[in-house]
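Have a look at the sequence and the fold, then read on.

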Amino acid sequence: MADLGFLGLDDDPDNPVIITGYRAARDRRLTAAQKEANKLVARERAANEHGFGDLKNWRVLTNLRLNARHANALLRALLVLTRTEVSR
């Protein structure tokens, strides 16, 4: 998923590689369906951006040299700790 400023890689509209929202032009406004699609894309992007931001707070991940299975368990544990801390 990318923001509206991303250009390229969307050669096939039926099977996009990168999902972006719809852009309005000066002579063409967005339809209600396109606006709703933009809201859905923005909602998913925001969740992903917050997730990456949380992971960056855990600086231990910059030096992570583990098996992928162990790294996955560590990430899950950090996510639980983060959610517990935020929900206080």
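## Ala-42 and its place

Let's start with Ala-42, which sits in helix α1; helices here are DSSP runs of H or I with at least four residues, strands are E runs of at least two, and both are numbered from the N terminus. At 43% relative accessibility, Ala-42 is partly exposed. For these labels, buried means under 20% relative accessible area, exposed means over 50%, and partly exposed is in between (1.4 Å probe, protein chains only). Gly-21 is 21 residues away from Ala-42 in sequence, and the two C-alpha atoms are 8.0 Å apart.

Keep in mind that this is a predicted model, where local features need pLDDT of at least 70, side-chain atom pairs count only at pLDDT 80 or more, and totals for chains, interfaces and linings use all residues. Residues are numbered from 1 along each chain as its sequence is written, and side-chain values use heavy atoms, with hydrogens and water left out.

## The chain overall

The protein chain has two helices and zero strands. Of its 88 residues, 11% count as buried. Its accessible surface (Shrake-Rupley method, 1.4 Å probe; for residues, only the protein chains shown count as cover) is about 7800 Å², with 54% of that belonging to carbon and sulfur atoms.

Now for contacts, meaning heavy atoms within 4.5 Å. Among those in the protein chain with a separation of 6 or more, 16% are between residues 24 or more positions apart.

Is Gln-34 buried or exposed? Gln-34, also in helix α1, counts as buried because its relative accessible area is 16%. Beyond its neighbours within four places in sequence, Gln-34 touches Tyr-22, Arg-28 and Arg-29.

Lys-39 belongs to helix α1 too, which covers residues 32–57. With 52% relative accessibility, Lys-39 counts as exposed.

## Two surface patches

Patches are built from residues with over 30% relative accessible area and no salt bridge, joining like charges within 9 Å and nonpolar side chains (Val, Leu, Ile, Met, Phe, Trp, Tyr) within 5 Å. A salt bridge is a side-chain nitrogen of Lys or Arg within 4 Å of a carboxyl oxygen of Asp or Glu.

Phe-52, Leu-55 and Leu-75 make a nonpolar patch of about 260 Å². Leu-55 lies in helix α1 and is partly exposed, at 32% relative accessible area.
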